[in-house]
Amino acid sequence: MNVIEKSITLKDGREITLQTGKLAKQADGAVVLTMGSTMLLATVVSAQEAGEDVDFMPLSVDYKEKFSAVGRFPGGFTRREGRPSDYEILVSRLIDRALRPLFPDDYHAETFVQVTLYSGDDESMPDALAGLAASAALSVSDVPFHGPISEVRVARVNGEFKINPVKSELAHADLDIIVAATMENIMMVEGEMKEVTEKVMLDAIKFAHEAIKEQCRAQLELAEAVKKEKRTYCHENNDEELRKTVWEKCYDKAYAVARQCNADKKLRGQLFEQVREEFLESLPEEERDEKKSLVKRYYHDVEKEAVRRMILDEGLRLDGRSTDQIRPIWCEAGTLPGPHGVAIFTRGETQALATATLGTKLDEKIVDEATAQGKEKFLLHYNFPPFSTGEAKPTRGVGRREVGHGNLAHRALRAVMPDDYPYTVRIVSDVLESNGSSSMATVCSGTLALMDAGIPIKKPVTGIAMGLITDKGCAKYAVLSDILGDEDHLGDMDFKVTGTVDGITATQMDIKVDGLPYEILEKALEQARQGRLHIMDIVTDTLPAPRPDLKPHAPRMVTLTVDKDQIGAIIGPGGKIIQDIQEKSGAVIVIEEEGNVGIVTISATNAESIAIAVGRVRSIAVKPEVGEIYEGVVKSITTFGAFVEFVPGKDGLLHISEIEHRRLEKVEDALKEGDRITVKLIDIDPKTGKFKLSRKALLPKPERPAGEDRGGRDDYHNRGPRPPRPERRG
């Protein structure tokens with residue numbers, strides 16, 4: 001066994017170890033990453049040959065967390081790990097987006113990268129280590145790869161940047177991003193912020209890059225020690241003569257189509273396709289089928305270059321806009337009567353319909369993952385149906401793209417949700433049309449939907465997607481505001497930025513070009529800020545502020561605080577009392593313990609239901625006081641009195657002498673079980689806490705007839721003085 005290790009020491013003294021040669025040796029590459037009690041196994045396996053007619057990189061990246069890594073059982077009936085959680089999907093995307101651009105363009109073998117958490121704890125953040133582990137596995141393998149890369153989390157905690165902080169430190173951070181990079185270039189940035197400036201974000205990226213360079217050097221040393229040569233391959237058969245002919249015959253025509261500046265995506269696509277089909281028709285009939293796939297590949301490069309040169313040389317874009325111009329926008333709020341909040345945001349050929357729904361604590365999302373447990377009160381779900389791009393195919397559940405785009409919008413809006421808001425809030429964004437940056441349309445429509453619902457968000461948030469076109473060495477470049485889908489596909493950067501008027505709340509950036517200077521990033525950030533503020537003006541013109549009240553059919557909510565020992569009385573035996581309150585009032589009641597008190601949250605869609613429920617709860621939770629009057633129910637009768645439930649869950653003794661002014665031989669002469677009576681609390685035993693009640697104290701004293709013998713014994717309660725006893729004689 002030839003075990004090789006390399007170590008990386010972080011500035012705070014923590015150590016990351018990369019080890020290969022011990023586990024999973026039949027994979028093409030395998031590395032165990034260890035930091036403290038966190039251990040990740042990353043493996044890579046790539047097929048030796050590419051599939052027939054495959055002209056892309058079929059890369060699959062999966063991140064999985066074992067519940068046993070933290071000594072827990074999985075939930076569910078099967079008690080085993082199932083489909084990936086949203087968190088695992090998001091980490092998989094972080095790895096994928098950093099690795100994918102670094103495989104050779106002509107490498108088309110099916111490749112699988114898997115990163116598994118086998119040991120962890122509550123404080124470590126494995127998502128910031130997974131990219132390093134995956135890259136290290138590729139580096140020690142024979143799979144062609146233009147790496148290494150690494151990923152780190154950088155957070156600004158109490159004004160200072162920190163690499164890979166522990167989870168508890170993030171509670172004090174106003175910036176939390178993950179950055180991926182090679183030794184030379186930034187590849188990917190994603191994260192959230194609390195309205196920080198563009199300069200702070202850029203400084204954070206630079207700070208992260210310095211740490212990444214060290215981690216890349218360690219991988220190069222590990223690969224050098226392993227001494228595994230990269231495989232030779234041939235996954236493309238090219239026809240250079242045909243490539244040259246396609247360029248000669250099609251470039252000018254493609255440039256002319258691009259220069260028409262047609263804003264209709266479908267028509268523009270048809271015109272580009274027509275150029276390619278005309279070329280195919282010009283070939284001898286017997287060669288068309290054989291050369292069709294090559295022509296398609298070569299023409300894609302022609303079209304890409306024509307569009308890029310038009311933007312760089314003439315400053316013209318496919319739809320005729322200037323580089324910093326935003327497409328026409330219209331939006332409206334309150335479009336639908338049913339949802340608690342609703343808005344439509346349309347920018348060019350991109351349209352998102354967002355709805356906001358208010359719920360109770362019972363609607364909170366339960367988070368039950370290997371390294372995270374808890375509840376989430378603010379949810380955002382993003383849907384991208386095929387009809388939004390005119391595709392004729394069925395909808396088959398939520399894909400990784402929807403999870404990733406929804407997470408970006410969720411982060412953007414979470415920063416402005418009101419503190420300690422009692423409601424659970426869910427936003428659903430349905431993309432109805434898409435031609436570039438539907439996630440940013442989701443942010444804008446989501447902001448309007450929240451305000452339409454009457455949710456007092458701190459500030460409106462808008463977002464914009466930026467693009468970039470460069471020539472070799474970035475000597476000439478164009479930063480594009482509000483990119484189209486084609487510009488995203490043909491360009492060198494997709495940079496999404498969201499924020500308020502005062503700063504950035506979330507970002508997602510993918511860079512596809514080497515050697516991008518920070519000066520260009522700085523310009524892109526400033527241009528994004530200007531575009532974001534332009535969109536903000538339109539959004540706030542539509543709805544300047546949150547509506548002053550919730551919709552009439554939205555749930556109202558009241559919160560009461562009770563003593564902890566009163567919770568049981570409100571719930572009742574087997575939940576009998578709380579269920580009765582909910583059934584008779586129509587309200588929903590949720591009770592939680594916080595320290596020595598109970599928090600009772602009552603919600604309903606009308607004030608009457610809330611009033612009934614509040615009255616019942618208060619009558620139960622009231623603290624009995626001597627001298628107060630209560631409506632009670634006779635629960636049981638004894639020879640010496642009756643026990644009366646004067647407050648739900650609390651019984652007091654009504655002694656036979658306190659029932660009426662007249663003398664009673666039996667309690668049953670005045671009361672029976674089930675009678676509802678009014679009583680007064682006259683005493684609480686300080687030692688036992690038992691309650692003494694009186695009914696007599698609330699009844700008027702009977703008037704005595706004139707001349708009545710006060711010594712008579714007809715009235716138990718008003719007997720006269722006894723006559724003196726006869727003197728005894730010795």
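Visitor: Is Ala613 buried or exposed?

Guide: Ala613 is buried, with a relative accessible area of 0%. Buried means under 20% relative accessible area, exposed means over 50%, and partly exposed lies in between (1.4 Å probe, protein chains only). The model is predicted, so local features need pLDDT of at least 70 and side-chain atom pairs count only at pLDDT 80 or more, while totals for chains, interfaces and linings use all residues. Residues are numbered from 1 along each chain as its sequence is written, and side-chain values use heavy atoms, with hydrogens and water left out.

Visitor: In which helix is Ala613, and which residues does Ala613 contact?

Guide: Ala613 belongs to helix H13, residues 607–621. Helices (H or I, at least four residues) and strands (E, at least two) are DSSP runs, numbered from the N terminus. Contact means heavy atoms within 4.5 Å. Beyond its neighbours within four places in sequence, Ala613 is in contact with Ile581, Ser585, Ala587, Ile589 and Ile602. Thr498, by comparison, is 115 residues from Ala613 in sequence and 42 Å from it in space, C-alpha to C-alpha.

Visitor: What span should H13 have?

Guide: The expected span is 1.5 Å times one less than the number of residues. For the 15 residues of H13 that gives 21 Å, and the end C-alpha atoms are 21 Å apart, which agrees.

Visitor: Which residues of H13 are buried, and which are exposed on the face turned away?

Guide: Ser609, Ile610, Ala613, Val614, Val617, Ile620 and Ala621 of H13 are buried. They cover an arc of only 125° around the axis (taken from the directions from the helix axis to the C-beta atoms), which puts them on the same side of H13. The face turned away from that buried side carries the exposed residues Ala607, Glu608, Ala611 and Arg618.

Visitor: What covers the buried residues of H13?

Guide: The cover includes strands S22 (556–563), S23 (588–594), S24 and S26 (641–647), together with helices H11 (567–571) and H12 (576–585). Strand S24, residues 597–604, holds Thr601. Thr601 is buried at 5% relative accessible area. Not counting residues up to four places away in sequence, Thr601 touches Lys361, Met557, Val558, Thr559, Val588, Ile589 and Val590.

Visitor: How are aromatic pairs read, and how many are found here?

Guide: A pair of aromatic rings is described by the distance of the centres and the angle of the planes. Rings of Phe, Tyr and Trp (its six-membered ring) pair if their centres lie within 6.5 Å; planes under 30 degrees apart count as stacked, over 60 as edge-to-face and the rest as tilted. The whole structure has 11 aromatic pairs. In one of them, the rings of Phe103 and Phe145 have centres 5.5 Å apart and planes at 50°, so the pair is tilted. Phe103 lies in the loop between helix H1 (86–99) and strand S6 (109–119), and Phe145 in the loop between helix H2 (127–139) and strand S7 (150–157), so the pair ties together parts that are 42 residues apart in sequence. Both Phe103 and Phe145 are buried. Phe640 and Phe643 have ring centres 6.4 Å apart and planes at 85°, so that pair is edge-to-face. Phe640 is partly exposed at 39% relative accessible area, and Phe643 is partly exposed at 29%.

Visitor: How many disulfides does the structure hold?

Guide: A disulfide is a pair of cysteine sulfur atoms within 2.5 Å. The structure holds zero. Of its cysteines, Cys234 is exposed, at 58% relative accessible area, whereas Cys250 is buried, at 2%.
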